[in-house]
Amino acid sequence: MLSIKPVGGSATEVSYYAHLGNAENHDYYSENGVRPGVWWGAGSRALGLTGEVDPAELKNILEGLSPDGTKQLVQKRKGEKIQRRAGFDLTWSLPKSFSCAWSLADEQDRKEVDRVAALAVDRALEAFSQLCGVTRRGKDGRIAENAQLVVALFSHDTTRGLPGEAPDPQRHFHAVVANLVIREDGTTGALDARVLFQRRMKMALGALFRSELSMLLETELGIKTYRPQRERSEELVSWFEIEGVPQELLAAMSKRRQAIEKWLRQHGLSGAKAAEKAALNTRNDKELFTWPELQSAWKQQSVEFGFGQQQVAELFGKELQRDKPYQELARATDSALATLMGRKARFTENEFLEQTAIAAQSRGIGIGAVLGGVVKTLEHSPEIVELVADGFVRTFTTRAMLEVEQRLIGAATRLHNKSTHAVAPSMVQEVISRHETLRPEQAQAVRDIATGSDIVAITGVAGSGKTTMLKLARIALEQNGYSVIGTSLASKAAKGLETEAGIASLHIHKLLYEIENGNLTLTANTVLVVDEAGMIGTVQLEKLLRQVEAARAKIVLVGDHKQLQAIDPGAPFRLIGEQIGTTELMQVVRQREAWAREAVLQLRDGNAQEVLEELDRRGQLHIGSEREDALERLVADWCDEAFAYEAKVKDLLVLAGRNRDVRELNRRIQHEMKSRGQLGEYAVEVDGLDIHLGDRVLVTKNSKLHHLRNGTLGEVVGVEHRTVWLRTDEGMEIEINTSEFSHLTLSYAMSIHKSQGTTCEAAFLLVDPVMVDRELSYVAGSRARGNTWVYADRASTGALEQLAVRMSQSRQQEMALEYLPEVV
């Protein structure tokens, strides 16, 4: 793993890094326990810096002076503080299994693994120099030049220990990169750090190091590596481990990591920046241990796992079967492309480099091969198409993605040019006239669907009455002999389309499966309504359009491209609407109060600041100091609404971005329900949760046997042994043997993603620092007819102003076609 920390210009920070070689006093390589750093890089050599790092010389370099401190090489100081960053601390940490094996190895084996680790770091720094070694000069820094770097490299062995305990082994290297470089003409300047902080550059550099280390361990030492699987997933993690080191030992020797994760859980935080904060808040003063004391503690800890010096020795010298390097490299680049194109329609050079390096691990491929393979693929592969750059970063897509997008737009254009399913306007008006409460924009949407071309796009904001409009459009079409069927990405939305609009519906995967296997046939008499169309990716929507066009049927796309985005690549609904035009439903009717309706539109447009200020004035915004404050206040407010004001529990909806927050909130609310006598004593355990009589639950998987769809909500009305009786919100009572069907969870709280299409009386939104953006905030803020309360905390999401920025940032999906270079 790689972390990057800017080194400030204060005397304290400069002094700390200048003496980084004294940070550990148990070095088994030296007599006095101190392990000095070593100078690295052409810039260091140009300044006459070689061999061991002298703290005084490093201090001078970080202050922008010559090594002897007599000459100013870069920007001058102002008083005691340097008006610039002194440098950057790049810390490469080795996989935990490496550190565990290293800590228990004999001296010879330890030196061997250290040798390949040092070589991997050296090559990672060469890659860093190649990719990020840039300086600028001239007016506004317009002239970019290659830079020779000045780096002090330190090797450390441990994490900070818990109080009274020996620290865990954790081999890592600090590369202190000075913000002072040598230009091509021998003059000095500053490092252009913008390249280093480009999106995904840090992750790419970390993955390159791991690919090199994995390759060296296998090819030079015969130590086999592998990429573990994520928990409850077939997906592989982004790092490697050494095969043969027990997983239980890795956990036992990760006490520092466990302390950080505990702090993160307690504060509801995640991500790299939060981890840095957690590391600082759980940091203890370093206690001094001798090398023999560390060895003894580590050996004693490993005994119960049956892993020691002999087992480490047996890791070496294995015969590893690999295909030829060019074949393994081709698999790595193919895997990287598949990963990236499975997420979005275009990717950057850094993203491709990162994913290729990740896929190269445990394939016997190192940095040189990865860098060469990435360049060769991007420059010469007939499958890759370069798009318009994103600032200074090159972006690309695949020819296959462009072809799918072009087919999609082509089919939409051809369907738009035909009107073979048009109903006579007079007949449509007859249906409309029977519903006096229909608003003008709803009536226009009904007309456009029934009388329009063979493809119609309807954009409706959240709570604008789309379902009512679709019901009347169905009536008009069916009265003229057409068969109307529906689909949506989510089973829950498809069920809503069926029960509320009267349109028989299947979720999109099921619909395509039935069509492709001949179980369902579209005809020239079919009108297909696609609800929540903004959540459908390019590949799936293109398949639908292809089937519709082949059958000479009609398709109606209904959605809002500003709500939740497609998980799959692309934003086809938005682009189709821009190409053929879209009918808009912009009047919000779900919320009872005018200010709340206006708030929904403000969130949609990214104006969260005004919404939060209004909520604050009304007492509906709570920003605590810590995460626990937000959780406690949310649960207390929910209890007030549920018990003091006697609101129906099923009409209250708690929302969170992350599943772990949803699970925690469900546990807390269930505890409150039980303590107030609202739940029965007997419970059945399902997926780690106790489900009681009276609990609100959510079905998380389709069940044909039970006639249940993913997303169905209901109340437990009976519990006996492993069986529960569920009364759904539609009034159906179902007996479920949880030993055979265990896809149930508590539903007092649910994820924002699962809530799209849901309407409730009151909503309680827990904002977190990761799963928050304009689209999520808009969906969460538009669920309730009545009040919506928002909960956050200054530790993770900041004060109101910082929270507003997070809630206003958009993460809309893109189409590759939008970034094709213009042909001159």
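Me: Which way does helix 25 cross helix 26 in this predicted model?
Reply: Helix 25 passes helix 26 in a right-handed crossing. The term is used because the near helix is turned clockwise from the far one by less than a right angle.

Me: Why are W291 and W298 called an aromatic pair, and what is its geometry?
Reply: The structure holds eleven aromatic pairs. W291 and W298 form one of them, at 5.9 Å centre to centre with 80 degrees between the planes. Rings pair if their centres lie within 6.5 Å, and planes over 60 degrees apart count as edge-to-face. The pair of W291 and W298 is therefore edge-to-face. Ring pairs also link W102, W291 and W298 into a cluster.

Me: Are W291 and W298 buried or exposed?
Reply: Buried means under 20% relative accessible area. W291 has 11% relative accessibility and so counts as buried. W298, at 1%, counts as buried too.

Me: How do you know that R110 lies over the face of W102?
Reply: R110 is at 5.7 Å from the ring centre of W102. The distance limit for a charge over a ring is 6 Å, and the charge must also be within 35 degrees of the ring normal. R110 lies over the face of W102. R346 lies over the face of Y819 in turn, at 3.6 Å from the ring centre.

Me: Where is G711, and is G711 buried or exposed?
Reply: G711 is in the loop between strand 27 (696-699) and strand 28 (713-720). Its relative accessibility is 12%, so G711 counts as buried. Leaving aside neighbours within four places in sequence, G711 is in contact with K492, L698 and V699.

Me: Is P440 buried or exposed?
Reply: P440 is in helix 17 (residues 440-451). Exposed means over 50% relative accessible area. P440 has 68%, so P440 is exposed.

Notes. Residues numbered from 1 in each chain as written. Predicted model: local features only at pLDDT ≥ 70, side-chain atom pairs only at ≥ 80, totals over all residues. Heavy atoms only, no water. Phe/Tyr/Trp six-rings, centres within 6.5 Å; stacked < 30°, edge-to-face > 60°. Buried < 20%, exposed > 50% of the residue type's maximum accessible area, 1.4 Å probe, protein only. Helix = DSSP H or I, 4+ residues; strand = E, 2+ residues; numbered from the N terminus. Contact = heavy atoms within 4.5 Å.
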